[in-house]
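Hi,

Here's the structure I said I'd pass on.

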Amino acid sequence: MHIANSFANALQSIWSHKMRSFLTVLGILIGVAAVVSMFATVSGIQNKIAANMEKMGLNNTIVITRNEQNQNFHRRGRQRFMTINRENKPITIDDYNYIRSKVDAKNIFAIIETWEVSVSQNMQKWHRIRATSNDFFSNKSYNIGKGRLFNSFEEKNGENVCILGPSFSTATTKADDFLGKMVSIGRFRLRVIGILASENIEMGMFGGNQWERQYDLEGVYIPVETGAKYISNNREVQSIHVQAHDEKQYMNLKTKLYQLMLAKHNMTHDFAFQDIGEDELKNTQELKDMIMKWQITLISIASISLFVGGIGLFSTLLISINEKMLEIGIRKSCGANEKDIFGYFIAESVTLSILGAITGILLALIILHKFSKKASIDFSIPSDGVMLGLGFSLAVGILFGLYPAWKAAKIDPIKAIFYFE
């Protein structure tokens, strides 16, 4: 009950000195707004970079390609080396299907790629045709805008169907006009079953692989079996992409893939791994370390503002003691002890600091909402930033309120009553 009364009296005192209270909490308000805004900004940029990396499809991904170099393999025997030469084999659809049957991964797809030209009204236009599977679209975060993806029958039997990028066009016709119809591109005549959803290609430092995505959205996609029949020799694929579910699975997946490929290729190292996933893991870790250092630096700077706000709070409470000297004397004369007076001033200090923190959080919310629209980045306020801001302000309120509260509690009631005489 005493605690509730202390905070009620503190609110009444703050309300009776509005301008002074506002100036007192201004430093805390700015400090908390800075802390929360910095956390939200760093978190927003980090999420934006992570989302663009996800769109690139490189995170936790291993790319298997053919090893073009002829290699000799050495086994050590007694006092000699025995050289074993084996013929290099291409990476084929059979390897792709074998891996799919043996590996649990987030996405697995093969790629066969070529360029074909369409001719319309004596005008020529080149188009990139990419044979792949539905996992490609999942890996690159492409969605279907109209129509559908490949079904299992089309993928298994290599049907003459295709999915167009939304930016695909011939000399006279755009992608939307082809849905459900036949399109002729070079040697291919394909039935269009789907069109990818359009998206805004972001340029600049947060754009990720914007040029690659722009080409993708102009492309033509066919089932990988169709590409194996009409594009490649001996059912060869240019690459197989395997994406792990998460970072923990990545290294185990890489080891398993290596063993599977050796078994499939008769222990011949005629394949190569592009460890783009491992490179991305290193880049991600470096980014996290850099952001952590950045957060520590920004918090240190914002803490200075909170410290200045704490000094202002300290000064206000000392002034408040002189103003309330008669009240302190009457309270003690009526039975209030030192603990009650101490709690009253601590309550006022904490209330001021919490009000400053809440106002600072609201100010940060308004600023970040405006900035999010202009920067096209979601600067949502993270809970850890809010908790840190509230924690800082609460600590400031208690720390800088201790001495004034202790000083007020030790005042002699007789001297306090006759202080103004």
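**Notes on the model**

Helix α10 (residues 325-333) has Met325, Ile328, Gly329 and Lys332 as its buried residues. Helices here are DSSP runs of H or I with at least four residues, strands are runs of E with at least two, and both are numbered from the N terminus. Buried means under 20% relative accessible area, exposed over 50%, and partly exposed in between (1.4 Å probe, protein chains only). Looking down the axis of α10, the buried residues sit within an arc of 100°, so they line one face of the helix; the arc is taken from the directions from the helix axis to the C-beta atoms. After α10 comes Gly335, with a positive phi near 115°.

This is a predicted model: local features need pLDDT of at least 70 and side-chain atom pairs count only at pLDDT 80 or more, while totals for chains, interfaces and linings use all residues. Numbering runs from 1 along each chain as its sequence is written, and side-chain values use heavy atoms, with hydrogens and water left out.

Next, Arg128 in strand β5 (residues 123-132). Arg128 counts as buried because its relative accessibility is 11%. Its side chain makes a polar contact with the side chain of Asp216 at 2.5 Å (N or O atoms within 3.5 Å; within protein, one must be able to donate a hydrogen and the other to accept it, and residues adjacent in sequence count only if both atoms are side-chain atoms).

Lastly, Phe342 in helix α11 (residues 338-375) is partly exposed, at 30% relative accessibility. Phe342 and Trp406 are 64 residues apart in sequence, yet 5.9 Å apart C-alpha to C-alpha.

Cheers
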